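Student: I have a structure open and would like to go through it with you. Could we take it piece by piece?

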Amino acid sequence: MLSTIDEATLTKVATAMGEEEAVMLVDHLKNIDETTDDEIATTTGIRLNSVRKILYKLYDHSLVSLRRTRDPKTGWFIFHWKLQPDQLEGFILSQKRRVLEKLNVRLEYEKNHDFYFCNTQSCKRVPFEEAVELVFHCSTCGKPLVHCENENFVVQLSLKVEQLRKELGE
Ligand SMILES: [Zn+2]
C-alpha cells in the first residue's frame with residue numbers, strides 16, 4: 001500500500017526508536033490501512049506491551065495517527081492506529097540533524113583537546129588537564145599516560161559531519 005517506504009527508511013526509523021521490533025511493526029503497518037494494537041500483536045508476534053510502547057513512541061513523533069472508538073459490548077476504548085508515511089521523511093531529517101549536532105560537539109571537543117592514554121584497551125583516554133591532575137598515571141590501571149594522537153579520529157568525524165551536512169542540504 002505504502003510502497004514509498006523502503007527498507008532503508010524502516011531501518012532508520014527503527015534505529016532512531018532503538019528497537020528491532022519497531023521495524024517489524026512499521027513494516028506491518030505499511031501494508032494495512034488502519035489497525036488495532038491487538039491485531040498487531042497477534043499478527044507480528046510482538047508482545048502486546050511492546051506493541052503499545054512502540055506505538056506510543058511512534059505517536060510521540062507523529063509517525064502514526066490514533067483514532068479512538070468505544071466497544072459497544074464491553075464499553076472499553078479501542079485504539080485504531082495508522083501509519084503517517086508523509087511524516088517519516090521529516091522524522092528522519094530531524095534525527096539526522098540531532099546526530100549532526102552531537103557529532104559537531106564531539107568534533108570540537110576532539111579538536112580542542114590533547115589526549116593522553118595508558119594504552120590499555122579497556123581504559124579511557126583523558127584530556128591533558130585531567131592527565132596533569134593524575135600526574136600522568138592512569139587512574140584505572142596505574143600505567144603511565146602517554147600522548148595520544150587523535151588526528152585519524154578527527155578526520156573520520158569530519159568526513160561523517162560533511163556527509164550528513166550534504167544529506168541535509170546544508
Ligand atoms: Zn589504564
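Student: Are the cysteines buried or exposed, taking Cys-118 and Cys-138?

Tutor: Both Cys-118 and Cys-138 are buried. Please keep in mind that this is a predicted model.

Student: What do Cys-118 and Cys-138 coordinate?

Tutor: They are among the ligands of the zinc ion, which is coordinated by the SG atoms of Cys-118, Cys-123, Cys-138 and Cys-141 at 2.3 to 2.4 Å. Cys-118 sits in the loop between β4 and β5, and Cys-138 in the loop between α6 (128-133) and β6, so this pair ties together parts that are 20 residues apart in sequence.

Student: What is the arrangement of the donor atoms around the zinc ion?

Tutor: The arrangement is tetrahedral, because the 4 donor atoms subtend angles of 106 to 114°.

Student: And how are the donor residues spaced in sequence?

Tutor: The spacing is C-x4-C-x14-C-x2-C.

Student: You mentioned strands. In what order do the 3 strands of the open sheet come?

Tutor: The order is β5-β4-β6, with antiparallel pairing. β5 (126-127) and β6 (146-148) are at the edges with a single partner strand each, so one side of each has no neighbour in the sheet.

Student: Over how many bridges do β4 and β6 pair?

Tutor: Strand β4, residues 115-117, pairs with β6 over 3 bridges in the antiparallel sense. Within that pairing, Tyr-116 stands opposite His-147 of β6.

Student: Is Tyr-116 buried or exposed?

Tutor: Tyr-116 counts as buried, at 13% relative accessibility.

Student: Which residues is Asn-150 in contact with, leaving aside its neighbours within four places in sequence?

Tutor: Asn-150 contacts Glu-110, His-113, Phe-115 and Arg-125.

Student: Switching to aromatics: how many aromatic pairs does a search of the whole structure find?

Tutor: The search finds 6 aromatic pairs. In one of them, the ring centres of Tyr-56 and Trp-81 are 5.4 Å apart and the planes stand at 90°, so the pair is edge-to-face. This pair links distant parts of the chain, since Tyr-56 belongs to helix α4 and Trp-81 to strand β3, 25 residues apart.

Student: Which of the classes, buried or partly exposed, do those two fall into?

Tutor: Tyr-56 is partly exposed at 40% relative accessibility, whereas Trp-81 is buried at 0%.

Student: And the pair of Tyr-116 and Phe-136, what are its distance and angle?

Tutor: The Tyr-116 and Phe-136 pair is edge-to-face, with 5.3 Å centre to centre and 70° between the planes. Tyr-116 is in strand β4 and Phe-136 in the loop between α6 and β6, so the pair ties together parts 20 residues apart in sequence. Phe-136 counts as partly exposed, at 28% relative accessibility.

Student: Which residues do ring pairs link into a cluster?

Tutor: Ring pairs link Tyr-56, Tyr-59 and Trp-81 into a cluster.

Student: Now helix α3. Which of its residues are buried?

Tutor: In α3, residues 37-44, the buried residues are Asp-37, Ile-40, Ala-41 and Thr-44. They cover an arc of only 95° around the axis, which puts them on the same side of α3.

Student: What covers the buried residues of α3?

Tutor: The cover includes α2 (20-29), β1 (35-36), α4 (48-60) and β3 (77-83).

Student: Which residue follows α3?

Tutor: Gly-45 follows α3, and its phi is positive, near 80°.

Student: One last topic, Val-13. Where is it found?

Tutor: Val-13 is found in helix α1, residues 7-17. At 1% relative accessibility, Val-13 counts as buried.

Student: What does Val-13 touch, not counting residues up to four places away in sequence?

Tutor: Val-13 touches Val-26, Leu-58, Leu-63, Leu-88, Phe-91 and Ile-92.

Technical notes
Residues numbered from 1 in each chain as written. Predicted model: local features only at pLDDT ≥ 70, side-chain atom pairs only at ≥ 80, totals over all residues. Heavy atoms only, no water. Pairing = 2+ DSSP bridges. Helix = DSSP H or I, 4+ residues; strand = E, 2+ residues; numbered from the N terminus. Contact = heavy atoms within 4.5 Å. Buried < 20%, exposed > 50% of the residue type's maximum accessible area, 1.4 Å probe, protein only. Arc of directions from axis to C-beta. Donors = N, O, S within 2.8 Å, 3.2 Å for Na, K, Ca; no water. Tetrahedral: all angles 85-135°; square planar, octahedral: opposite > 155°, others 65-115°. Phe/Tyr/Trp six-rings, centres within 6.5 Å; stacked < 30°, edge-to-face > 60°.
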